[in-house]
Amino acid sequence: MSDKLVFAADIGGTTVKLGLFRADGTLLDKWEIPTRTLQDGKHILPDVAASIREKMDREGIAPQQVAGIGFGVPGPVDENHVAIHGCDNLGWGRVPVKGDMNALLPEIPNVVAGNDANVAALGEAWLGSGKGYRNSVLFTLGTGVGGGVIIDGRIVPGRNGAAGELGHMLVKPDETVPCGCGKCGCLEQYASATGMARLAREALAACDTPSPLRDLDNVTAKDVCDHARAGDGLANEILDRFADYLARGMSFASCTVDPEVIMVGGGVSRAGDTLLEPVRRHFRKYAYHPCVDTPILAAQLGNDAGIYGCAAMVLGI
């Protein structure tokens, strides 16, 4: 296995991120292709297969050199590598990723698939901020809140492929506005990029405190973090409220699986310690006492975490 190559494909709603790895984790090449979601996403896997075959032909890679192909998909995936509950932003219903790819690339029979946030957690656990830990949890803070749970070095997918859906923990029972999932009071309504923007709008409407945020037509999470870092009082209050919600979610995860480390990725995590310091402070307030010293670290692999995790699945890491 040490001399084998691995292909990775992290499928997003706009692009598919592809990578070619050595078995030691060395990323040899990465590239992207458009995600063609027309006609219920029927072109996505054929496009990936064509791109991989093109890469093999161009680089002179023989099928026997390839250990397998790993996929991350934006939806639940079962133990048979089937996207089982659909991926709305791809147009997919139930898609047998392994079976379809075996038909498209029969010369590479080893195909594995997992939920994209779960494989990102595995990537971080393998060669990112979770390296050296066997048990970790990743929170990804983007448009929503995703995540993944790694126990004894392995993804925990759950019965329905829904383990690690950390954004849908209930953190505000009296919420009346529905989350995208249809429930109310989910973590991602407050601890995502869109959640931070919502908290900012609410704070600006509820007070007349002077703030440069008032000069902006459409306040974003980045605006809040930037002005908090610059010392704006209201921006820091908004960020503190955001951190409070996120820390509650982390406390739930910590007393459920007691990870060695909690990792924070996604676009909002680029705020670094401006965000993580208040999160750590609130976490100590909420966490079950044996867990209060759990390290909370920024993820390291950025947008590549998914392809690293896809490769790790193929390698059985």
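Which residue in β9 does F139 stand opposite? It's G147. Keep in mind that this is a predicted model.

**The sheet**

Strand β8 covers residues 136-141 and strand β9 covers residues 145-151; the two run antiparallel, with six bridges joining them. Both belong to an open sheet of five strands, and if you walk across it you pass β10, β9, β8, β11 and β12 in that order. The pairing in this sheet is mixed. At the edges you'll find β10 (154-155) and β12 (296-298); each has a single partner strand, so one side of each has no neighbour in the sheet.

**Helices lying across the sheet**

| Helix | Residues | Lies across | Angle |
|---|---|---|---|
| α4 | 116-127 | β8, β9, β10 and β11 | about 55 degrees to β9 |
| α8 | 273-286 | β8, β11 and β12 | about 165 degrees to β12 |

**A helix pair**

Now for α5 (residues 193-206) and α6 (residues 221-229). Their axes come within 8 Å and cross at roughly 65 degrees. Crossing angles of 65 to 115 degrees count as roughly perpendicular, and α5 and α6 are therefore roughly perpendicular to each other. Who makes the contact? On the α5 side, look for A193, M196 and A200; on the α6 side, A221, V224 and C225. By class, that contact has six nonpolar residues, with no polar and no charged ones.

Terms used
Residues numbered from 1 in each chain as written. Predicted model: local features only at pLDDT ≥ 70, side-chain atom pairs only at ≥ 80, totals over all residues. Heavy atoms only, no water. Axes fitted to C-alpha atoms, helices over the stretch in contact; angles between N-to-C directions. Helix = DSSP H or I, 4+ residues; strand = E, 2+ residues; numbered from the N terminus. Parallel < 35°, antiparallel > 145°, perpendicular 65-115°, else oblique. Contact = heavy atoms within 4.5 Å. Nonpolar A, V, L, I, M, F, W, Y, C, P; charged D, E, K, R; others polar. Pairing = 2+ DSSP bridges.
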